[in-house]
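Student: I would like to go through a protein model with you. Could we look at the structure together and start with the strands?

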Amino acid sequence: MSALILHQYALSPFSEKIRAMLGYTGIPWQAVTVREMPPRPHLETLTGGYRKIPVAQSGADIFCDTRIVSAELAQVSGLPALDATRASDEVAVFVREADLELFLAALIGSSGPGMLGKLIRETSVLDAFRFLKDRINMGRKARVPSMTPKQARQRLADHLTSLENRLSQHHYVFGPQACIADFSAYHSLWYARDLAGKSLASRYPRVDEWMNRLQAYGHGDQQPLSIDSALAEARNNTPRPLPTGESHEHLGQSVRIAPDDYARDPVIGELVAVTESRWILKREHDDVGTVHVHLPRDGFRLKPEQ
């Protein structure tokens, strides 16, 4: 297997979710730092236009969405509890809620002048306002229930209270060992506590200790990598063998696949494999040759390309 490459940026909550999982699993990885917002032309060469971050890469295989990335980490590390597709129904429901509703509640309820200042320091004044404009436009096109800041703060408080109660019984959310639910809950609260500066220790001491416990694993063995080197990795490798999958009426055809919640930019390619949990598209580009783009079936829609 080629070295794992993660296309990410420092202030991305979903990137932090995967960075924390990499620390927990001890899988070495290479970090390509991308812009906080499109355009990302070099990354689009690999993904075909998928806009959410992070994106993982192994040679000529490209993994979009943290559901797919975490499944890859579970496979490589031998820790199946990190794969939401293999989780119990209770864990799967928790993960789905944490990755969308809790994430949006933390984003809306915790953002403020302090967060804007961090964004400006990480980028620039101009890029910070471009970022905000991009996220506003993305929100307008989203197909998710809207929340006022007051509703978001209440939703976040309800989740923290529930999590505090869970952690009174175990070291981790669903038991004595970490699972995908821990990392799905963690990254939104990392945004609220570590980036937006919302203190949790006095009202939610067990949650605060649990976050510190996850952070003690660090981000693992990481090395920086340029985007040109990542493109070369794709160009110099061939996609791994396709899994034995299901039949599908659009196999071998050009299709478009897009998220059904927000950032709904489609990826277009030839559908070459369908499994219980993922779609795999083949794409061709002069700069990288053939790549396979892996996308989750849950939360994504497929349409034939007209």
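Student: How many bridges join strand 2 to strand 5?
Tutor: Three bridges join strand 2 to strand 5, and these strands run parallel. Helices (H or I, at least four residues) and strands (E, at least two) are DSSP runs, numbered from the N terminus. Two strands pair if DSSP finds at least two bridges between them.

Student: What is the bridge partner of W29 in strand 5?
Tutor: The partner of W29 there is Q222.

Student: Before we go on, where does the model come from?
Tutor: This is a predicted model, in which local features need pLDDT of at least 70, side-chain atom pairs count only at pLDDT 80 or more, and totals for chains, interfaces and linings use all residues. Residues are numbered from 1 along each chain as its sequence is written, and side-chain values use heavy atoms, with hydrogens and water left out.

Student: In what order do the strands form the sheet?
Tutor: Ten strands form an open sheet with the order 5-2-1-3-4-9-8-7-6-10, and the pairing is mixed. Its edge strands are strand 5 (222–224) and strand 10 (300–304), each of which pairs on one side only. From one strand to the next, the twist averages 35°. For such angles, axes are lines fitted to C-alpha atoms, for helices over the stretch in contact, and angles run from 0 to 180 degrees between N-to-C directions.

Student: Which strands does helix 1 lie across?
Tutor: Helix 1 (residues 13–25) lies across strand 1 (4–8) and strand 2, and runs at about 150° to strand 1. Helix 3 also packs on the sheet, where it touches strand 1, strand 3, strand 4, strand 8 (278–285), strand 9 (289–296) and strand 10. The direction of helix 3 makes about 125° with that of strand 4. Contact here means heavy atoms within 4.5 Å.

Student: Let us stay with strand 4. Which way do its residues point, and are they buried or exposed?
Tutor: D61 and F63 point one way and I62 and C64 the other way, and all are buried. Buried means under 20% relative accessible area, exposed over 50%, and partly exposed in between (1.4 Å probe, protein chains only). In a regular strand the side chains alternate between the two faces of the sheet.

Student: What stands opposite I62 in strand 9?
Tutor: V293 of strand 9 stands opposite I62, and three bridges join strand 4 to strand 9 in a parallel arrangement. With strand 3, strand 4 runs antiparallel through four bridges, and Q57 stands opposite I62. The hairpin of strand 3 and strand 4 has two residues between the strands, and G59 takes a positive phi near 65° in it.

Student: What about D65, is it buried or exposed?
Tutor: D65 counts as buried because its relative accessibility is 8%. It lies in the loop between strand 4 (61–64) and helix 3 (66–77). D65 has a positive phi of about 85° although it is not a glycine. Most residues other than glycine have a negative phi, and most peptide bonds are trans.

Student: Changing topic: which residues touch the most other members of the largest nonpolar core?
Tutor: They are V207, W210 and L295, in a core of 78 residues. Helix 8 (residues 180–195) gives the largest share, ten residues. A nonpolar core is a set of buried Ala, Val, Leu, Ile, Met, Phe, Trp, Tyr and Cys residues joined through side-chain atoms within 4.5 Å.
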